[in-house]
Amino acid sequence: MSGFVLAIDQGTTSTRAILFDDKMKVAGVGQQEFAQHYPASGWVEHDPEDIWSSVVATVKAALRAAGRAASDVAAIGITNQRETVVIWEKATGKPIHNAIVWQDRRTAPLCQKLRSQGLEKKFTRKTGLLLDPYFSGTKIAWMLDKVKGARKLAEKGELLAGTIDSFLIWRLTGGKVHATDATNASRTLIYNIEKNVWDDELLAILNIPAAILPQVKDCADDFGVTEKSLFGAEMRILGVAGDQHAATIGQACFEPGMMKSTYGTGCFALLNTGGDLVRSKNRLLTTIAYRLNGKTTYALEGSIFIAGAAVQWLRDGIKVIGKAEHSGALAATADLAQQVYLVPAFVGLGAPHWDADARGAIFGLTRNSGPAEFARAALESVAFQTRDLLDAMRKDWKGASAKTVLRVDGGMVASDWTMQRLADILDAPVDRPMILETTALGAAWLAGSKAGVWPKAKEFAKTWALERRFKPDMDAATRSAKLAGWKDAVRRTLSA
């Protein structure tokens, strides 16, 4: 059997398809951006048809770039932006509304109502999550309530709901399979991560019919085959994981105590806690890292909503850089005598604050503050937020020792300046791997190992290779002063 494995990496701003060869090297890539829709303040939507067409186009492009056909592909792995949801008609596959994106804050009032009813502890105990608009469940409830006729159709069994992976599986298999994996399910606010089932009590609270939800499978499992008419031959879908979980796998963080952080649109740090379901006392999330062969591995997660998006703001919002990759070089020229802080709460603050109503703010401006200081503040904000997460993880779990090494991936890690500043602020080593396509690689490994053409976990872990280790090089006094200033800036930004 061919060792070629195709990864579909469906992200927040673009879709990529990457074909890996039998040596787990990139053979072909297709990428396509798609439109973002902002119908109201704090609302973010995607057209599911844009997502679908981008998936089909990028798969074809990746195969074409590699000079391969669908018949050469042993398996497909899917990884996706998490928490973004679609509801579609069972008969036609047509969405009833735009997809509501993970960044969307429209369900903040519903979350607040549930909190005021004293329900947050119940949700947290069962799901490991907090009552925040970030998660999928309240988005599903909103669509059922607000889209005309949706609730009646759902109750009659004529609608299906799911995260992006489920929607793609449904479309790719021609409507034969309605499924998701345990990692995506664990982000919905309606999945019991201890019992590994949709939770009837939480479904009742949000008034979501269980019948519209997908079957929950292991991350490496049989998710059906693609329609032959799509790509010229059937391809087996054998791996699915939410993007941050796929990156954890791609970084070979299979042992408890290993930690990865992905710096894309947002930043997401996951700490493998093994079989320990660690209940956070510091407002981190408890989540499923992955589920293989029926065995669940858990993680503590810290979610930062704005990371690379702060660099996009520098480029597109205030136009102080022409290209995102220029940000590090510009930051390096900033005046050392100034300390400007950007708290990038453009869509609220994530862990460990969880303040949906906070909004972005800049502190420390002088008459001499300019583009370089803004660039440094944007990049440092990512390091400061990561430090907040690491501190909380160390308080929550003894396995997060002071010797924890952070494995990093995502678009921002290409900047040496940013990674060095991250190591300085964390006072911990930061490891950048040879292969930066860790999210796609993780999805591909799930599928390839299930197909029997790629190695099992232990052998796969041995293939992880270090490109560069960034070691802390900042004196303790400077670090302490910077962190104190950051904490003060966040305190001033919080809504309450």
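**Notebook: binding-site records, a sheet and ring pairs**

I began with Thr-13, which lies in the loop between β1 and β2. The model is a predicted one: local features need pLDDT of at least 70, side-chain atom pairs count only at pLDDT 80 or more, and totals for chains, interfaces and linings use all residues. Residues are numbered from 1 along each chain as its sequence is written, and side-chain values use heavy atoms, with hydrogens and water left out.

**Entry 1: recorded binding-site positions**

I noted that Thr-13 counts as partly exposed, at 26% relative accessibility. The scale I used calls a residue buried under 20% relative accessible area, exposed over 50%, and partly exposed in between (1.4 Å probe, protein chains only). Leaving aside neighbours within four places in sequence, I found Thr-13 in contact with Glu-33, Phe-34, Gln-36 and Thr-265; contact means heavy atoms within 4.5 Å.

I then consulted UniProt, where an unreviewed entry gives the annotation "binding site" to Thr-12, Thr-13, Ser-14, Thr-265, Gly-308, Gln-312 and Gly-411. These positions are spread over 400 residues of sequence, yet they cluster in space, with a largest C-alpha distance of 13.9 Å. UniProt positions are given in the numbering used here, feature names are shortened, and annotations may be inferred rather than shown by experiment.

I looked up Thr-265 next and placed it in the loop between β14 (259-263) and β15 (267-274). Thr-265 is buried, with a relative accessible area of 17%. Its contacts beyond four places in sequence include Thr-12, Thr-13, Trp-102, Phe-305 and Gly-308. Gly-411 belongs to the loop between β20 (406-409) and α14, and counts as exposed at 65% relative accessibility.

A further "binding site" feature in UniProt (unreviewed entry) lists Thr-12, Arg-16, Thr-265, Gly-308 and Gly-411. I found Arg-16 in strand β2. Among the residues it touches, not counting those up to four places away in sequence, are Asp-9, Gln-31 and Glu-437.

**Entry 2: the sheet**

Which order do the strands of the open sheet follow? I read five strands in the order β3-β2-β1-β5-β13, with mixed pairing. β3 (26-33) and β13 (237-242) stand at the edges with a single partner strand each, so one side of each has no neighbour in the sheet. From one strand to the next, the twist averages 15°. Two strands pair if DSSP finds at least two bridges between them. Strand β5 (residues 73-80) pairs with β13 in the parallel sense over five bridges, and the bridge partner of Gly-77 in β13 is Gly-239.

Helix α1 (residues 48-66) packs on the sheet and touches β1 (4-10), β2 (14-20), β3 and β5; its direction makes about 150° with that of β3. Helix α10 (residues 243-250) lies across β5 and β13 and runs at about 105° to β13. For these angles, axes are lines fitted to C-alpha atoms, for helices over the stretch in contact, and angles run from 0 to 180 degrees between N-to-C directions.

**Entry 3: aromatic pairs**

I found that the structure holds 19 aromatic pairs. Rings of Phe, Tyr and Trp (its six-membered ring) pair if their centres lie within 6.5 Å; planes under 30 degrees apart count as stacked, over 60 as edge-to-face and the rest as tilted. The rings of Trp-102 and Tyr-134 have centres 6.1 Å apart and planes at 65°, so the pair is edge-to-face. Trp-102 lies in the loop between β7 (99-100) and α2 (108-116), and Tyr-134 in the loop between α3 (120-127) and α4 (136-146), so the pair ties together parts 32 residues apart in sequence. Trp-102 counts as buried at 3% relative accessibility, and Tyr-134 counts as buried at 0%.

The rings of Phe-254 and Phe-460 have centres 6.3 Å apart and planes at 65°, so this pair is edge-to-face. It links distant parts of the chain, 206 residues apart: Phe-254 is in the loop between α10 and β14, and Phe-460 is in helix α16 (residues 457-462). I noted that both Phe-254 and Phe-460 are buried. Finally, ring pairs link Trp-102, Tyr-134, Phe-135, Phe-268, Phe-305 and Trp-354 into a cluster.

Technical notes
Helix = DSSP H or I, 4+ residues; strand = E, 2+ residues; numbered from the N terminus.
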